[in-house]
Amino acid sequence: PFIGREKEVNHIKEQLQRPGVRCLTLTGPGGAGKTRLGLQAGAEVIDEFADGVFFFTLSETYDPTSVASEMERTLGINADDVILSPPKMYFAFGLGNQVYFPISAGARVVVNPETITPQRIWDLWFRHRPTIVIGVPTLFAGMLRLAEEQIGRERVREACSRLRLCISGGEILPPALMQRWRDYAGIDILDGVGTTEMTHMFIIN
């Protein structure tokens, strides 16, 4: 049981549920209980997030190149997954999504040698029916606009029927876009934060 610290837990829960909050950092000296506090808050808000709450620890990770493999393990990427990630491999973001994750997990990856456009990505999506899609907010916005104007909600939702993870990174994901996508496609976009120096994302909410 978690005893005491109700005030801190409630404050964390309030912050996590604010639309504009992408990253919440708990600070304090070693042994203060930051991890336990975060786990408790996550457990109490898990029903508020359609895709659940994930925890992965980097306490034993000293090599930045290990971050991507730890994230892959936490998200449960496996050999049955089909990953569609439009960002090119010469970016760290695309390299992790199209090389590190698939090789580590034995998953299949959809590689796009052509120019990235909303129409092109929808074509690949309809053809390959991915289980994981990882992109950037600008692309998701363009795809949503094209879907609303030309494709239609029914076809989009059918194309998303195998999708279990939809992740955005590279730039701030606007809350309004997150909500519009959820309403139209029927699935949440998880928002990721990362850096090139860490080779990939290290926080997803």
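The questions and answers that follow concern this predicted model.

Q: Why is Gln-40 called buried?
A: Gln-40, which is found in helix α2 (residues 34-45), has a relative accessible area of 16%, and because buried means under 20%, Gln-40 counts as buried. Leaving aside its neighbours within four places in sequence, Gln-40 is in contact with Phe-2 and Val-9.

Q: What makes the link between the side chains of Gln-40 and Glu-44 a polar contact?
A: The two side chains are joined at 2.8 Å, and a polar contact calls for a pair of N or O atoms within 3.5 Å, so the distance between Gln-40 and Glu-44 meets that limit.

Q: Why is the pairing of Lys-13 with Glu-44 called a salt bridge?
A: The closest N and O atoms of Lys-13 and Glu-44 are 2.9 Å apart, and since a salt bridge needs a side-chain nitrogen of Lys or Arg within 4 Å of a carboxyl oxygen of Asp or Glu, the pair qualifies. This pair links distant parts of the chain, with Lys-13 in helix α1 (residues 6-16) and Glu-44 in helix α2, 31 residues apart.

Q: Are Lys-13 and Glu-44 buried or partly exposed?
A: Lys-13, at 19% relative accessibility, counts as buried because that value is under 20%, whereas Glu-44, with a relative accessible area of 38%, is partly exposed because that value falls between 20% and 50%.

Q: How do you know that the salt bridge of Asp-81 and Arg-164 ties together parts that are apart in sequence?
A: The side chains of Asp-81 and Arg-164 meet at 2.7 Å, N to O. Asp-81 lies in the loop between α3 (67-75) and β1 (82-84) and Arg-164 in the loop between α7 (153-159) and β4 (165-168), so the parts tied together are 83 residues apart in sequence. Asp-81 counts as buried at 3% relative accessibility, while Arg-164 is partly exposed at 32%.

Q: What makes α5 roughly perpendicular to α6?
A: The axes of α5 and helix α6 (residues 137-151) come within 9 Å and cross at roughly 75°, and because angles of 65 to 115 degrees count as roughly perpendicular, that name applies to α5 and α6. Among the residues making the contact are Trp-122 and Trp-125 of α5 and Leu-139 and Met-143 of α6. By class, this contact has 10 nonpolar, 3 polar and no charged residues.

Conventions: Residues are numbered from 1 along each chain as its sequence is written. This is a predicted model: local features need pLDDT of at least 70, side-chain atom pairs count only at pLDDT 80 or more; totals for chains, interfaces and linings use all residues. Side-chain values use heavy atoms; hydrogens and water are left out. Axes are lines fitted to C-alpha atoms, for helices over the stretch in contact, and angles run from 0 to 180 degrees between N-to-C directions. Helices (H or I, at least four residues) and strands (E, at least two) are DSSP runs, numbered from the N terminus. Angles under 35 degrees count as roughly parallel, over 145 as roughly antiparallel, 65 to 115 as roughly perpendicular and the rest as oblique. Contact means heavy atoms within 4.5 Å. Ala, Val, Leu, Ile, Met, Phe, Trp, Tyr, Cys and Pro count as nonpolar, Asp, Glu, Lys and Arg as charged, and the others, Gly among them, as polar. Buried means under 20% relative accessible area, exposed over 50%, partly exposed in between (1.4 Å probe, protein chains only). A polar contact is a pair of N or O atoms within 3.5 Å; within protein, one must be able to donate a hydrogen and the other to accept it, and residues adjacent in sequence count only if both atoms are side-chain atoms.
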